Amino acid sequence: LGPINTVTDGRLYTQIILLCVNLRPLYYIRNLPPWLSIPFANACDTAIINAVARYLCFPDDWRDHPHYSRAAFQLRLGIKQGGAGLTPGIMCIHSSFFASTSASLLSCGQTSLRDHIDRNLLGVNDPSSSRHSILRGFHLCRETLATHGARKEEDVAPHAPPPPPQPP
């Protein structure tokens, strides 16, 4: 992040941070189970916000000053909320990994994720199963998202089949 701080145009700097630096960790967040990606996401988020704080000439102890902390928080808000759109990676770990895993399972020919949600199949109930199982990570993310209000597939009423075509 050091060389980016030499960019003198603030608009260009912001675009580089938003479109390159802030998005780079998302690849790992999408592909690593949460217990592996949380420390990485925290480190990336800290490095990015510290780089921006240095660019904006915040003092070294900026976290101790409420107005600088509020400014850093506002940078993390979405553009529609008056921020700069520097969404922390830690905020999207579970949804990103769940979406990536879901897409992978579906692309492998699975038409339903129900087969992969069974706790025994995932090895969640088996203490000898791999702690780093991708399906165990899928289950953890699914449960975390449900805790925060996402609807689980089995909670959604099945759609009625389409009506048969009418003869001409």
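Select A72, L75 and R76 to begin: these are the buried residues of helix α4. Look down the axis of α4: its buried residues fall within an arc of 105°, so they line one face of the helix. Buried means under 20% relative accessible area, exposed over 50%, and partly exposed in between (1.4 Å probe, protein chains only). The arc is taken over the directions from the helix axis to the C-beta atoms.

This is a predicted model: local features need pLDDT of at least 70, side-chain atom pairs count only at pLDDT 80 or more, and totals for chains, interfaces and linings use all residues. Residues are numbered from 1 along each chain as its sequence is written, and side-chain values use heavy atoms, with hydrogens and water left out.

**Stop 1: the rest of α4**

Now turn to the other side of α4. P66, R70 and F73 are exposed there. Go back to the buried residues and show what covers them: the cover includes α3.

**Stop 2: helix α3**

Select residues 34-55, which make up helix α3. L36 lies in this helix. L36 is partly exposed, with a relative accessible area of 36%.

Is S37 buried or exposed? At 0% relative accessibility, S37 counts as buried. Show its surroundings, leaving aside neighbours within four places in sequence. S37 is in contact with Y28, I29, L32 and I93. Contact means heavy atoms within 4.5 Å.

**Stop 3: helix α1**

Move to residues 10-21, helix α1. Its buried residues are Y13, I17, L18 and V21. Seen down the axis of α1, they fall within an arc of 130°, so they line one face of the helix. R11 and L19 are exposed on the other side of α1. What covers the buried residues of α1 includes α3.

**Stop 4: D9 and R11**

Stay at the start of α1. A side-chain oxygen of D9 reaches to within 3.0 Å of the backbone nitrogen of R11. Now show both side chains. D9 and R11 meet in a salt bridge (3.6 Å, N to O). A salt bridge is a side-chain nitrogen of Lys or Arg within 4 Å of a carboxyl oxygen of Asp or Glu. Side chains of opposite charge can pair when their charged atoms come close. How many salt bridges does the structure hold? It holds one. D9 is partly exposed, with a relative accessible area of 33%. R11 counts as exposed, at 66% relative accessibility.

**Stop 5: the whole chain**

Zoom out and colour by secondary structure. The protein chain has seven helices and zero strands. Helices (H or I, at least four residues) and strands (E, at least two) are DSSP runs, numbered from the N terminus. Of the 168 residues, 33% count as buried. Among contacts between residues at least 6 apart in sequence, 55% join residues at least 24 apart. The accessible surface comes to about 11000 Å², of which 61% belongs to carbon and sulfur atoms.

**Stop 6: confidence**

Finish by colouring on pLDDT, the predictor's confidence in each residue, from 0 to 100. The chain averages 76, and 74% of the residues score at least 70. Select α4 (residues 66-76): it has the highest mean pLDDT among the elements, 89. Then select α6 (residues 119-122), which has the lowest, 49. Where pLDDT is low, the predicted coordinates should not be read in detail.

How values were computed. Accessible areas come from the Shrake-Rupley method with a 1.4 Å probe; for residues, only the protein chains shown count as cover. A polar contact is a pair of N or O atoms within 3.5 Å; within protein, one must be able to donate a hydrogen and the other to accept it, and residues adjacent in sequence count only if both atoms are side-chain atoms.
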